[in-house]
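Okay, thanks everyone for coming.

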Amino acid sequence: MTPQETPSWDAADGPWRCRLHVVSGKGGTGKTTVAGALAVALATGGRRVLLTEVEGRQQIAQLFDTPPLPYAERKVASAPGGGEVFALAIDAEEALLEYLEMFYNLRRAGRALERIGAVDFATTIAPGVRDVLLTGKVKEAVNRPDAARPGGRAYDAVVLDAPPTGRVTRFLNVSAEVAGLARVGPVRAQADSVMAVMRSEQTAVHLVTLLEEMPVQETVDGVAELRAAGLRVGGVIVNMVRTPLLVDEELKRAGAGRLDVEELAAGVKAAGIVPAAALVDALVAEAAQHAHRVALERAERGEIEALGRPVYELPLVADGVDVGVIYRFAELLRMQRMVG
């Protein structure tokens with residue numbers, strides 16, 4: 001599928017009423033934090049949401065300050081209005097054993113394969129198979145029936161904390177990854193069923209970035225790759241946003257080195273500090289650096305806006321991220337109408 005053939009639903013602008021929200025971003029942008037906040041936002045109002053991870057890092061457990069997650073869905077948070085967030089760390093080997101049991105009643109045989117290392121060997125020499133197993137478990141959670149719940153599904157939404165932007169398209173596009181390994185058979189059938197979900201209107205891939213050159217470039221490249229693969233691009237979440245300390249006119253003067261030094265010295269003195277020349281010069285230099293950074297961030301913001309996707313913002317948190325910040329970010333995402 002070429003970018004020109006990308007389905008018309010790529011133009012949707014939220015709020016994102018999907019069943020599967022895939023969250024990716026360059027390492028260090030805070031994609032796990034955003035995934036957790038999105039899960040809480042989606043659960044607000046009495047909904048049940050599953051938050052999943054696939055990289056074996058137990059970052060969800062760290063985020064919600066809980067013990068390491070087993071290969072079992074466990075509640076990690078409550079959301080305003082009676083909602084619930086469950087979490088699952090998906091493991092490829094466990095997913096394979098579950099697959100063998102569900103479709104072939106071969107869990108005991110699978111355990112024997114695990115003991116001799118065959119499972120790890122197979123998923124190592126054929127990474128596409130590993131991705132089919134991981135995404136297959138996500139697909140199962142998205143489609144899992146539950147007649148006792150409104151809508152007939154076990155979860156109202158699933159959030160996937162996915163691999164980084166540079167690998168996310170390959171990870172999600174499992175049909176292409178297994179094309180050379182399995183043209184027919186159960187692996188190919190599983191890959192095709194996964195792609196039916198990944199390319200449907202019920203899925204959106206959201207990208208997390210910072211207002212810095214490398215993360216923005218990865219986001220631009222990621223959007224192009226996702227569109228070329230026929231995967232639905234969702235919103236762009238700009239994380240760690242810093243508010244300028246100076247108004248535009250002051251930023252211009254600071255960037256040009258034309259700040260009123262006498263006025264600055266008077267302000268320092270009014271704060272009860274001796275306005276030594278070295279201190280004032282240092283403040284002028286720092287103001288110039290600040291103006292330069294703001295200009296660079298505005299240029300990067302222009303690159304993001306040129307993508308034509310909805311943009312959401314989360315502020316820089318100086319004291320680090322804790323559970324309270326996750327709830328605050330969830331509310332900010334709801335206020336910006338990323339979710340309904």
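This is a predicted model: local features need pLDDT of at least 70, side-chain atom pairs count only at pLDDT 80 or more; totals for chains, interfaces and linings use all residues.

Helix H7 covers residues 165–172, and helix H10 covers residues 213–228. The two pack at an angle of about 15 degrees, and their axes are 8 Å apart. That angle makes H7 roughly parallel to H10.

Who touches whom there? On the H7 side you've got Thr165, Gly166, Val168, Thr169 and Leu172, and they meet Glu218, Gly222, Glu225 and Leu226 in H10. Sort the residues of that contact by class and you get three nonpolar, four polar and two charged.

Now let's go to the sheet. In what order do the strands of the open sheet run? There are eight strands, and the order is E3-E4-E2-E5-E1-E6-E7-E8, with mixed pairing. Strand E3, at 74–79, and strand E8, at 311–315, are the edges; each has a single partner strand, so one side of each has no neighbour in the sheet. Going from one strand to the next, the twist averages 25 degrees.

If you want one to click on, Ser78 has Glu84 in E4 as its bridge partner. And here H7 comes back: H7 packs on the sheet, where it touches strand E1 (20–25), strand E5 (157–161) and strand E6 (203–209). The direction of H7 makes about 145 degrees with that of E1.

Okay, back to helix pairs. Helix H1, residues 31–43, packs against H14 at an angle of about 65 degrees, with the axes 8 Å apart. H1 and H14 are therefore roughly perpendicular to each other, and their crossing is right-handed. From H1 we have Thr33, Gly36, Ala37, Leu38, Val40 and Ala41, meeting Ile326, Tyr327, Phe329, Ala330, Leu333 and Arg334 in H14. By class, that contact comes out as nine nonpolar, two polar and one charged.

Apart from its neighbours within four places in sequence, Val317 is in contact with Val325, Arg328 and Phe329. Val317 is also 9.7 Å from Asn239, C-alpha to C-alpha, although 78 residues separate them in sequence.

Last pair: helix H12 (residues 261–270) and helix H13 (residues 277–305). Their axes come within 10 Å and cross at roughly 115 degrees, which makes H12 roughly perpendicular to H13. Again, H12 passes H13 in a right-handed crossing. The contact is Val261, Leu264, Ala265 and Val268 from H12, with Leu279, Val280, Leu283 and Val284 from H13. What classes of residue make the contact of H12 with H13? Eight nonpolar, no polar and no charged.

That's my tour, so over to you.

Conventions
Residues are numbered from 1 along each chain as its sequence is written. Side-chain values use heavy atoms; hydrogens and water are left out. Axes are lines fitted to C-alpha atoms, for helices over the stretch in contact, and angles run from 0 to 180 degrees between N-to-C directions. Helices (H or I, at least four residues) and strands (E, at least two) are DSSP runs, numbered from the N terminus. Angles under 35 degrees count as roughly parallel, over 145 as roughly antiparallel, 65 to 115 as roughly perpendicular and the rest as oblique. A crossing is left-handed if the near helix is turned anticlockwise from the far one by less than a right angle, and right-handed if clockwise. Contact means heavy atoms within 4.5 Å. Ala, Val, Leu, Ile, Met, Phe, Trp, Tyr, Cys and Pro count as nonpolar, Asp, Glu, Lys and Arg as charged, and the others, Gly among them, as polar. Two strands pair if DSSP finds at least two bridges between them.
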